Structure formats: structure tokens, C-alpha cells
Amino acid sequence: VATSHAHGANLVPARCMSPSARRLGPSDFEPDAREQTDGLWKMLGRTKEGIHFQPPPAEEYPHNERRSKVLHYPAATIFDVVSDVANYQHFLPYITKSQIVTQSREFGNDGRRTFDARMAFGFKFLNDEFLSRVEVVPNRYVVAKCVESDSMENMTTLWTFTPRGEDQTEVILRVDMDIFDPLKAGVIAQFFSHMADAQMEAFEREIARRNEKMTSMA
């Protein structure tokens, strides 16, 4: 199992409620995976859902997380778990609420669909409830963009799934956000760094649990 991660927070001012968001820079992934993921960012910028990645007005404090891991499961198995947003509250740490609030709408020839989900996280004094617009393409990616939040702007989470041989898939997680409160920026950034690691591990455990259950039923 190969893993890699990178994260960082800087104090370059940046702005979730606006129709534009910031383009993420190059990651430390393998070249082919990086090209696929960066290409996906560009493609998403042209969707009719209005997910654009352009430099925002200068006001907030940006933070980003990146993780990658090769899992010994086919992309379809991993996608089924990551796209199961309604059940996040049952197996993801710190997620206290995950509720689908709009019916899924499908468009395109690749099975692409979108829906809105209201979610909440809680950890010590950090608590927030937010609304995300989720777009999924089976076995390729899951992207969630925050459209309403009290403490963050431009929070976009992207999961991509790239086959790496028989029954192996490279899973890449990218999170980009702007933090409102400069006094809490360091604490929130540290929390989301820990949260990215914890969620990657939690997804892997849930994938293993569901796969074992399906195997035992076969």
C-alpha cells in the first residue's frame, strides 16, 4: 500500500458564497495522477453547475489538504462508499449530520448526477453546519462544493479514483477552503489536517467492512 500526503495553510488573503472559487496548485502526486486530477478541475470549471476556480477577492485565509493512497479494491467498490453521502454520519469521524436535501438529478452520458446535502461536523469548540452541492460520476470522481456555511468559504472536496492494475485503485483526496476567522485559522487548519487523515482511514475501514459483508453473503 502506497501513501502520500501534503497539506498547508498560508495567510495569503482569499473569498464560498460567491460563484467563483480558487484554483488549486500542482500537487505532489505521480505525474499521471496529477494530470488527471488537474484536468478534472478544469473540466469541472466548465460544467453548467457553475463550479469555477478563479482567484477570489482578498479577504479570507486559504487552506488546502491533499492525500493519496492505493487501495486493493476496484474503483467501483470505492466509489460506492465515497458517494454514499447520506451515511457519512454513521462511519466518518466528526461528521454529526449528513442528510440529502434534494433529489438526485442526472445529466450527461457518463452517469453524472448532482444533489444537495446538508452536513455538520463537531470537534470540541469547532462546530459548523453547511450545505454542499455534490456532483458524482460513477467510478471516476465525487466532488462536493460548499454553498452555505457559517465559518468557511469556497470549501471544495474532490475524490478521484484511478485504476492501478487489477483490483487496485489510487484514491486522491483534495480539500480546498477559505477560513473566516484569522484568530482560529491555525486551529481550524490543524483540525482539517487531522480530519483528512482520519477520513481516509475511515473510508478504507468502511470499504473493507462492506466488501467482507458482500463476500460472506455470496
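Predicted model: local features only at pLDDT ≥ 70, side-chain atom pairs only at ≥ 80, totals over all residues.
Me: What volume does the largest cavity have?
Reply: The largest cavity has a volume of about 360 Å³. There are 24 residues lining this cavity, and Met119, Phe130, Met155, Thr157 and Gln199 are the closest to its centre.

Me: Which elements give two or more residues to the lining?
Reply: Strands 7 (113-123), 8 (126-137), 9 (141-148), 10 (152-163) and 11 (169-179) do, together with helix 4 (185-217).

Me: And how do the lining residues divide into nonpolar, polar and charged?
Reply: The lining of the largest cavity holds 20 nonpolar residues, 3 polar and 1 charged.

Me: Changing topic: how many salt bridges does the count come to?
Reply: The count comes to 12 salt bridges. One of the pairs is Asp116 with Arg133, at 2.9 Å from N to O. Asp116 belongs to strand 7 and Arg133 to strand 8, so this pair ties together parts that are 17 residues apart in sequence.

Me: Is Asp116 buried or exposed?
Reply: Asp116 counts as buried because its relative accessibility is 10%, under the 20% limit. Arg133, at 33%, counts as partly exposed.

Me: What does Glu129 form a salt bridge with?
Reply: Its partner is Arg118, with the closest N and O atoms 3.9 Å apart. Glu129 in strand 8 and Arg118 in strand 7 are 11 residues apart.

Me: How far apart are the closest N and O atoms of Arg164 and Glu170?
Reply: They are 2.7 Å apart, in a salt bridge. Glu170 is buried at 7% relative accessibility, whereas Arg164 is partly exposed at 26%.

Me: Which residues are linked in a network of salt bridges?
Reply: Asp84, Glu206, Arg209 and Arg210 are linked in such a network.

Technical notes. Residues numbered from 1 in each chain as written. Heavy atoms only, no water. 1 Å grid on protein atoms, 1.4 Å probe; cavity = no way out; pocket = protein on both sides within 12 Å on 5 of 7 lines; lining within 4 Å. Points joined across faces, edges and corners; volume = space filled by probe spheres on them. Helix = DSSP H or I, 4+ residues; strand = E, 2+ residues; numbered from the N terminus. Nonpolar A, V, L, I, M, F, W, Y, C, P; charged D, E, K, R; others polar. Salt bridge = Lys/Arg side-chain N within 4 Å of Asp/Glu carboxyl O. Buried < 20%, exposed > 50% of the residue type's maximum accessible area, 1.4 Å probe, protein only.
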